[in-house]
Amino acid sequence: MLSPEEADSFLTNILKFSNWRKVLAKDKLEFLKVLVPYYAHNLYFQNVSMNALPSAERRVPTAKDIISAGLSGIGGACITQNTFLTWLLQAIGFNSYTVSGFVHGPRNMPDNHVICIVEFSSEEKYLLELGVALPFAEPVPMHKLPYTQTAAGFRYRYKEADDKKGVYYRVQLDGALYGAEFEDKNLEYVRYEFTMTPQPVEFFHDPLIAVFINVDTSIFLQHPFMFRYFEEDASGTLVDEPNINGDRKWILIRGVSVLIGTDNGKNVRHYNNYDEVKPVILKYFPKFRKEDLERSLECWNSSVAKYGYFKAR
């Protein structure tokens, strides 16, 4: 889907990963580890693009839409973020493919999530998850599960499902990202499940209608929802270069709730309405055009009468 020339231009000019060829030639796993912060720093998981469209023009992203959003550096939801990542890796020689996931939720449908898998061999496979509003530290070795990392002071884990054959889980341990510790210390809260069966982009069209078109079933069409990694200097000004090796900063916005976190800590603030969140979005997501954000705010504000202001817990 992407040419080698397009992949090189994207890596060099959009991600600013200038020495990517050198890193890849030396160690392909190290390349993936370095790619994660570059990608999560420069491409946004976001729902502004879909809300900026007139409702009659909303659609599940096509291959052309995905490539355009990726090459421009604006990003999007999972089907954009992880499908573009898959095609980018294919263009530079990796055996990568997308698989289907199911993000759990009261109104959610199966096959509502897209994940990238990179296969070095039949015995060595890695999961890349840069299309979800959750911290993701590095490629997950699917051949060495369970795999555990820490975000906002709480652990998360990738594991084989105990109750479903051929299914894998991402579970939240210890406590919720926005909230406090779980009372039940043994609780494993399943954020999403997935299989390892390759699926083409067309497979996701019908399940994702509930995400991209139907307001009643889509949190993406009801309130702000975005995530990225970022770095800033001592004055609080954002800087272009991602943090490759240290404890990275990230921001998660859901409704009126803003979480700025690292591996071991977090700062949560809840605003009164979506207009108060606007300056935060403009600061931490500077690629958005102001007119697109204004149109999105109109959509989110128009949803308040029916759905209320979303406050994360």
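Hi everyone. Let's begin with the lining of the largest cavity: by class, 11 of its residues are nonpolar, 1 is polar and 2 are charged. Please keep in mind that this is a predicted model.

So how much space lies in the largest cavity? About 90 Å³. The structure holds 1 cavity of 30 Å³ or more. For anyone new to this kind of search, rolling a probe the size of a water molecule over the atoms shows where empty space is left.

Which residues lie nearest the centre of this cavity? Of the 14 lining residues, those are A40, F45, L130, V132 and F227. Two elements, helix 3 (28-42) and strand 9 (225-230), each give two or more residues to the lining. Strand 9 gives the most, with 3 residues.

Now let's turn to the aromatic rings. The structure holds 24 aromatic pairs. One of them joins Y192 and F194, with 6.1 Å from centre to centre and 55° between the planes, and this pair is tilted. Are these two residues buried or exposed? Y192 has a relative accessible area of 1%, and F194 has one of 2%. Buried means under 20%, so Y192 counts as buried, and so does F194.

There is also a cluster to find on your screens: ring pairs link F17, W20, F31, Y38, F94, F120 and Y126. Elsewhere, K287 lies over the face of Y44, at 5.6 Å from the ring centre.

Conventions
Residues numbered from 1 in each chain as written. Predicted model: local features only at pLDDT ≥ 70, side-chain atom pairs only at ≥ 80, totals over all residues. Heavy atoms only, no water. Phe/Tyr/Trp six-rings, centres within 6.5 Å; stacked < 30°, edge-to-face > 60°. Buried < 20%, exposed > 50% of the residue type's maximum accessible area, 1.4 Å probe, protein only. Lys NZ or Arg CZ within 6 Å of the ring centre and 35° of its normal. 1 Å grid on protein atoms, 1.4 Å probe; cavity = no way out; pocket = protein on both sides within 12 Å on 5 of 7 lines; lining within 4 Å. Points joined across faces, edges and corners; volume = space filled by probe spheres on them. Helix = DSSP H or I, 4+ residues; strand = E, 2+ residues; numbered from the N terminus. Nonpolar A, V, L, I, M, F, W, Y, C, P; charged D, E, K, R; others polar.
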